[in-house]
Amino acid sequence: MSEAPIDPIVRAAHERVGKVVDNKYLLRSVIGIGGMGIVYEAEHQFLGRLVAVKILHPRYVDRFDEFQRFLREARAVGAIGHRSIVEVFDAGSLDGTTPYLVMERLVGENLDERIRRKGPMSIRRAFRLVHDILRGLDAAHSKRILHLDMKPANVFLAHATGRRSSVKLLDFGIARMDVNGSVPAVDSSNGIVFGTPHYMAPEQVTAGPVDVRTDLYAVGAILFETLTGVPPFRGESRRDVFRNILHEPLPRIVPAQGELPRPLESIVQSLLARRPDDRPSTAHDVMKAITDSGILPSDPA
């Protein structure tokens with residue numbers, strides 16, 4: 001039996017291992033291959049420091065909109081500068097054509113992997129995690145940056161020796177910067193609405209104006225899934241998911257571990273309100289509501 005052909009992108013990604021980027025970063029191994037870029041573990045040749053190098057997919061080098069999305073991530077992360085946001089140290093281009101980013105090397109797993117591996121979290125741990133997520137979003141929103149693709153796969157649980165995992169928000173590639181109030185959901189460069197269906201707010205689905213409350217809706221969907229193991233609205237197709245988001249009532253929140261107290265249930269329901277005006281106004285408001293509920297210490301570590 002002949003072996004299945006290797007995807008050209010995968011082959012090209014592994015062929016780069018062992019090469020040095022900009023005479024500084026030795027690519028040691030492939031960490032992951034995503035929709036827009038290939039991420040390597042690399043070693044700084046002069047400092048000996050391990051970093052992650054993200055290189056734009058070869059197929060996108062000649063596509064201006066994807067090129068801009070890739071660079072937008074570096075600008076957004078650099079503008080925020082918060083411990084809950086993955087840090088970008090450096091950026092450049094290979095041969096003057098293919099952009100790359102140099103980020104902190106994180107060890108751990110993303111929330112999507114964690115849920116698939118171990119199932120839903122306890123109520124206390126789920127709300128502590130979301131409180132940490134909101135810290136990062138609050139920092140982004142304070143710099144007038146919307147993430148617009150919050151989902152479990154973009155929440156990284158970084159391991160730290162002797163401490164609980166710390167949250168790092170990833171992938172600001174479709175972020176909107178310099179947002180004052182609301183902006184159109186449609187990307188003006190290509191007329192496309194970006195986002196991941198299960199975590200998109202109704203106004204994002206319908207290509208309406210988006211603001212900080214759009215990110216908060218996605219946090220509500222993440223919290224729902226962290227508690228129950230599944231996102232609030234599902235379907236056989238992207239269209240089914242969108243229809244359910246727009247028209248179906250919010251399913252009852254039944255945590256896999258324990259019974260959800262009414263004040264906490266109200267927080268989830270408010271985040272997932274269909275109308276933006278019925279959601280909390282800021283990430284800070286939600287953080288305060290979580291702390292006031294008594295589920296966490298007044299200053300979570």
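**Figure 1. His82 in a loop of the predicted model.** His82 sits in the loop that runs between helix H2 (64-80) and strand S5 (88-94). The model shown here and in the other views is predicted. With a relative accessibility of 26%, His82 counts as partly exposed, because partly exposed covers the range between under 20% (buried) and over 50% (exposed). A polar atom of the His82 side chain lies 3.0 Å from the backbone nitrogen of Ser84. Apart from neighbours within four places in sequence, the residues in contact with His82 are Arg135, Gly136 and Ala139. Ala185 is 103 residues from His82 along the chain, and the C-alpha atoms of His82 and Ala185 are separated by 25 Å.

**Figure 2. Helices H4 and H6.** Helix H4 covers residues 123-142 and helix H6 covers residues 212-228. The two helices pack with their axes 10 Å apart, at an angle of about 160°. H4 is therefore roughly antiparallel to H6, since angles over 145 degrees count as roughly antiparallel. The crossing of H4 and H6 is right-handed. On the H4 side, the residues that meet H6 are Ile123, Ala126, Phe127, Leu129, Val130, Ile133, Leu134, Leu137 and His141. On the H6 side, the residues that meet H4 are Val212, Asp215, Leu216, Val219, Ile222, Leu223, Thr226 and Leu227. Sorted by class, the contact of H4 with H6 has 14 nonpolar, two polar and one charged residues.

**Figure 3. Helices H4 and H9.** The axes of H4 and H9 come within 9 Å, and they cross at roughly 155°. H4 and H9 are therefore roughly antiparallel to each other. The crossing in which H4 passes H9 is left-handed. From H4, the view includes Phe127, Val130, His131, Leu134, Arg135 and Asp138, which meet residues of H9. From H9, the residues that meet H4 are Ala283, His284, Val286, Met287, Ile290 and Thr291. By class, the contact of H4 with H9 has seven nonpolar, three polar and two charged residues.

**Figure 4. Met287 in helix H9.** Met287 belongs to helix H9, which covers residues 283-292. The relative accessibility of Met287 is 12%, so Met287 counts as buried. Leaving out neighbours within four places in sequence, Met287 is in contact with His131, Leu134, Arg135 and Asp138.

**Figure 5. Arg279 and its polar contacts.** Arg279 is placed in the loop between helix H8 (262-271) and H9. At 5% relative accessibility, Arg279 counts as buried. The side chain of Arg279 makes a polar contact of 2.8 Å with the side chain of Glu203. A polar atom of the Arg279 side chain also lies 2.8 Å from the backbone oxygen of Ala273. Setting aside neighbours within four places in sequence, the residues in contact with Arg279 include Ala201, Pro202 and Glu203. Also in contact with Arg279 are Arg213, Thr214 and Tyr217, as well as Ser270, Leu271, Ala273 and Arg274.

**Figure 6. Asn110 in strand S7.** Strand S7 spans residues 108-110, and Asn110 is found in this strand. Asn110 has a relative accessibility of 13% and so counts as buried. A polar atom of its side chain lies 3.0 Å from the backbone nitrogen of Asp112. Apart from neighbours within four places in sequence, Asn110 is in contact with Pro152, Ala153, Val155, Phe156 and Leu157.

Figure 7. Asp22 lies in the loop between strand S1 (20-21) and strand S2 (25-33). Phi of Asp22 is near 55°, which is a positive value in a residue other than glycine. At 38% relative accessibility, Asp22 counts as partly exposed. Asp178 lies in the loop between strand S9 (163-169) and strand S10 (183-184). Phi of Asp178 is near 55°, again a positive value in a residue that is not glycine. Asp178 has a relative accessibility of 57% and therefore counts as exposed.

Note on methods
Residues are numbered from 1 along each chain as its sequence is written. This is a predicted model: local features need pLDDT of at least 70, side-chain atom pairs count only at pLDDT 80 or more; totals for chains, interfaces and linings use all residues. Side-chain values use heavy atoms; hydrogens and water are left out. Axes are lines fitted to C-alpha atoms, for helices over the stretch in contact, and angles run from 0 to 180 degrees between N-to-C directions. Helices (H or I, at least four residues) and strands (E, at least two) are DSSP runs, numbered from the N terminus. Angles under 35 degrees count as roughly parallel, over 145 as roughly antiparallel, 65 to 115 as roughly perpendicular and the rest as oblique. A crossing is left-handed if the near helix is turned anticlockwise from the far one by less than a right angle, and right-handed if clockwise. Contact means heavy atoms within 4.5 Å. Ala, Val, Leu, Ile, Met, Phe, Trp, Tyr, Cys and Pro count as nonpolar, Asp, Glu, Lys and Arg as charged, and the others, Gly among them, as polar. Buried means under 20% relative accessible area, exposed over 50%, partly exposed in between (1.4 Å probe, protein chains only). A polar contact is a pair of N or O atoms within 3.5 Å; within protein, one must be able to donate a hydrogen and the other to accept it, and residues adjacent in sequence count only if both atoms are side-chain atoms.
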